Amino acid sequence: MKFIRWVTNIDRRIIFLLMFVVVLVPILIDIPLETDVGPTVEAAYTAVDTLPPGSVIMLSVDYDATSYPECHPMIVAVSNHAFSKGLRIILVAHIPTGLPLGQAAVEEAAFEYNKLHKQEYDAAIKQAITTYPDTSSVEFRQVREDAAVKYKKRYGVDYVNLGFRPGLASIMVGMGREIRDFYAQDYKSTDVDSLPMMKRVHNYEDIALLASFAHGKQVEYWIQYAGARYGQKIIAGVTGVVIPDLYPFLQSKQLSGLIGGLKGANEYEFLLGRKGLGTKGMPAQSTAHILVIFLIVLGTIFEFILSILSRRKS
Amino acid sequence: MKRRVPLIITFLMGVLMVVTFFIPREPFGSFEQRMLVWFSILGGFTLLLGLDSLVKHHFRRIIRKRKDSFYSIVTLVSLFGTLAAGIVTWAKYGTPLEFASLEQIGSFYWVYWWIMVPLQSTVFALLAFFIASAAYRAFRARTFDATLLLVAAILVMIGKMTMGVVPAALILAVFLVAAGVYRFFVREPVLGIIFGSIGVALGVLVIIFPAAKIAQIAPQVQEWIMSVPQMAARRGILIGVTLGAVAMSIRIILGIERTYLSST
């Protein structure tokens with residue numbers, strides 16, 4: 001009895017230490033994982049994958065650093081996927097402290113794409129110089145531009161960052177008529193009309209897919225205001241706690257795909273054939289889950305024993 | 001007058017916004033768009049109000065030398081320091097969010113990336129430790145409902161794992177057997193038999209089936225829990241909440257609900 005009482009009142013710092021160890025060890029050791037892709041992530045992947053090249057995808061940054069480990073790998077993976085499919089990205093944010101994270105994700109994806117295709121771009125330029133030695137000629141410039149379109153992701157041409165504007169729902173509704181009414185300038189105070197990519201983008205009709213990365217209710221607002229009213233196709237990347245809220249919208253097809261939690265990010269990276277933060281973080285999440293399950297069961301069993309013993313006594 | 005004017009404005013705007021939603025043709029469409037832009041502008045001013053309130057509050061605390069006013073100093077120094085970093089970067093690059101790469105960033109981004117992000121992440125990461133502690137101390141399956149809730153929660157957690165599914169499933173089997181034994185002692189033998197036999201069956205299945213098969217089934221079980229019983233409950237809650245929101249909106253538009261006019 002004494003032992004059981006001691007165990008049930010164990011110093012919580014021991015539990016903290018256990019959690020620290022089970023999270024740290026899998027991060028330090030590279031553990032190979034088997035990943036089974038769920039239907040919701042597959043649907044989100046397909047929604048991006050089946051868009052024709054040149055389509056516009058809007059990424060809404062609706063999370064901040066508190067949800068960085070779960071949401072950031074998703075936005076990085078979707079940005080990489082979008083660039084690899086030749087899609088163009090518009091970045092908006094409804095949480096001001098989340099915008100820089102979204103920007104970092106898209107910039108990193110562009111940087112990665114440019115690095116991957118650097119040799120092809122350099123080869124195309126080299127070929128152009130051989131064919132048109134006069135680098136100021138119209139022909140050379142045209143070939144250089146064609147090579148850039150194919151092998152480079154450039155700000156204003158392939159992606160823009162419209163920044164943060166206050167007024168969550170009003171912006172979502174208003175963008176259905178005209179984006180410029182709310183985002184006349186981008187985050188660098190450049191006129192949106194002067195950005196080549198934005199010339200033909202005015203409202204949801206010009207946006208093929210909207211992806212909201214959120215740790216709160218923002219996805220539901222997108223569904224209500226952009227989806228239900230304007231028929232905007234939407235996918236979402238959310239933290240684990242938000243997943244249950246969105247299942248009704250998945251079944252009603254108001255949400256075309258859902259990347260849920262770190263596992264969702266891991267599954268998306270698996271489909272993309274890319275090892276990112278989602279893949280690296282999954283072993284630690286799995287071991288932490290085992291510990292939590294073990295602690296729940298252990299605590300409950302000791303509680304059962306105490307309860308039975310006290311009943312017998314009385 | 002002080003009460004009536006806001007009530008009239010609320011009524012007119014509420015009715016007009018409902019009308020513009022259902023009749024998007026001109027002039028209602030443009031009117032709605034204008035109202036939405038105004039709303040966004042007002043949203044910007046609320047940020048300024050928040051800033052004003054924060055600064056005033058902490059200044060007062062510092063001037064009156066309240067207890068822990070040191071933290072107020074830290075808050076204000078952080079606030080104005082970040083603001084200064086933003087202005088400097090803006091003047092230099094035309095935007096506070098200058099980001100060429102993580103090695104080449106403006107001072108505002110530096111503050112954000114190297115101070116704010118780690119701080120926010122750290123505070124949130126502490127949850128893992130508290131959840132582990134709470135899991136041990138607070139989650140108890142004293143009743144039938146609580147046992148069902150715990151089993152469902154554990155199944156969802158197992159479905160979200162990419163490794164260690166078999167040991168976790170075995171722990172769940174042990175839990176079910178223990179719950180079954182406990183139900184016997186509290187004179188609920190039927191429940192005891194049900195829980196106990198499910199636990200034994202689960203344990204046997206986990207041992208007999210190959211680990212890969214168990215790892216494959218676990219996400220499917222989790223998917224079923226999420227998309228059938230969980231969603232049914234969630235949908236009911238959603239419909240209830242939405243009907244409540246509609247009722248509250250009508251009350252506000254008609255002036256029945258006046259709590260938002262705090263001073264009147």
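Reader: What should I know about the model before I start?

Author: The model is predicted: local features need pLDDT of at least 70, side-chain atom pairs count only at pLDDT 80 or more, and totals for chains, interfaces and linings use all residues. Residues are numbered from 1 along each chain as its sequence is written, while chains are lettered from A and ligands numbered from 1 in the order in which they are written.

Reader: How is chain A divided?

Author: Into domain 1 (1-30 + 282-314) and domain 2 (37-117 + 152-275), with bounds from an automatic or database domain assignment. Their centres, taken over C-alpha atoms, are 40 Å apart.

Reader: Which residues have the most contacts inside the largest nonpolar core?

Author: A:Ile57, A:Leu59, A:Leu91 and A:Leu246, in a core of 88 residues. A nonpolar core is a set of buried Ala, Val, Leu, Ile, Met, Phe, Trp, Tyr and Cys residues joined through C-beta atoms within 7 Å; buried means that 20 or more other C-beta atoms lie within 10 Å of the residue's own, with C-beta atoms placed from the backbone.

Reader: And what is A:Leu246 in contact with, leaving aside neighbours within four places in sequence?

Author: A:Val219, A:Ala236, A:Val238, A:Leu255 and A:Leu258. Contact means C-beta atoms, placed from the backbone, within 7 Å.

Reader: New topic: how many residues of chain B are in contact with chain A?

Author: 60, and they touch 65 residues of chain A.

Reader: Which helix gives the most to that side of chain B?

Author: α4(B), with 15 residues. Helices are DSSP runs (H or I, at least four residues), numbered from the N terminus.

Methods. A residue is buried if 20 or more other C-beta atoms lie within 10 Å of its own, exposed if 12 or fewer, and partly exposed in between; C-beta atoms are placed from the backbone. Two residues are in contact if their C-beta atoms, placed from the backbone, lie within 7 Å. Helices (H or I, at least four residues) and strands (E, at least two) are DSSP runs, numbered from the N terminus.
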